[in-house]
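Take a moment with the sequence and the model. The paragraphs below walk through the fold piece by piece.

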Amino acid sequence: MERYNRITNKNCREIVLLKAFPCAWGKCTFCDYTEDNSKDERAMIALNSEILSHVTGEFGVLEVINSGSCFELPKQTLAEIRTIIREKQIQLLYFESHWMYRKKLQEMKDYMGIPILFKIGVESFDYNFRENILNKHADFHTPQEVAEYFDSPCIMVGIKGQTKEMIAQDIQYMKQYFKRGTVNVYTNNTTSIRRDDKLVQWFMRTYAYLEKDPMVEVLYENTDFGVGD
Ligand code: SF4
């Protein structure tokens, strides 16, 4: 599995996919990437160190992802990230976090000592779809609530049960309330949540212009950032 890459098409940065403890929620109906989680702290720390050793700091920007939230990374890995920030003169860090950790984001910013762009897997701003179909356990009702804490929502498109109207609303909210955003086009995995190919084709036609939007990254495959499998 690739765990280090350089993103050079938009918002240039290095990206690492680290290993972490099990996602504290772990019950989203569409998610099987928690299979990358581990409980073997020593092995995780060793693997994460090796991956982090590839970071050069060439862009001054580093994105760290894991299959869950940054708060689930081993403490020693967090300390190593902080060391690398200093040694490689990283000026901006991207991290991802679930809604349930929203009150801890500032603590993490203080710890790292540099600005952090916090991503959140919103999946959809439609409450019913997010909570009752995707079981996301993120009980906000408005995009403004999310924007109070997070910089960049990740939206999921192309799931059976989702509608064009929901997607249009999600993209509009993402553009209106946030400076950055990611759109993940859903691909079938081992869960029972299925992709709606017609909806995906509609999205690709209707929102082709997002490719040129420097603030929005559209991922057609989970591996489009060059990490994962
Ligand atoms: S919060 Fe993220 S990692 Fe955890 S189950 Fe949901 S999608 Fe998967």
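What follows goes from the sheet to a pair of helices and then to the nonpolar cores.

This is a predicted model, in which local features need pLDDT of at least 70, side-chain atom pairs count only at pLDDT 80 or more, and totals for chains, interfaces and linings use all residues. Residues are numbered from 1 along each chain as its sequence is written, and side-chain values use heavy atoms, with hydrogens and water left out.

Strands here are DSSP runs (E, at least two residues), and helices are runs of H or I of at least four, both numbered from the N terminus. Two strands pair if DSSP finds at least two bridges between them.

Now look at one pair. Strand 6 (residues 152-157) and strand 7 (residues 181-185) run parallel, joined by four bridges. M156 stands opposite N184 in strand 7.

Move to strand 2 (residues 13-18), which holds L17. L17 counts as buried, at 8% relative accessibility. Buried means under 20% relative accessible area, with a 1.4 Å probe and protein chains only. L17 and V227 are 210 residues apart in sequence, but 6.4 Å apart in space, C-alpha to C-alpha.

Next come two helices. The axes of helix 2 (residues 75-87) and helix 3 (residues 105-112) come within 9 Å and cross at roughly 50°. Axes are lines fitted to C-alpha atoms over the stretch in contact, and angles run from 0 to 180 degrees between N-to-C directions. The two helices are therefore oblique to each other. Oblique covers whatever is left once angles under 35 degrees (roughly parallel), over 145 (roughly antiparallel) and 65 to 115 (roughly perpendicular) are set aside. L78, A79, I81, R82 and I85 of helix 2 meet M108, Y111 and M112 of helix 3. Contact means heavy atoms within 4.5 Å.

Which residues touch the most other members of the largest nonpolar core? They are I81, L93, F95 and F203, out of 50 residues. Such a core is a set of buried Ala, Val, Leu, Ile, Met, Phe, Trp, Tyr and Cys residues joined through side-chain atoms within 4.5 Å. Another core lies apart, with 12 residues, among them F30, F129, M166 and Y186.
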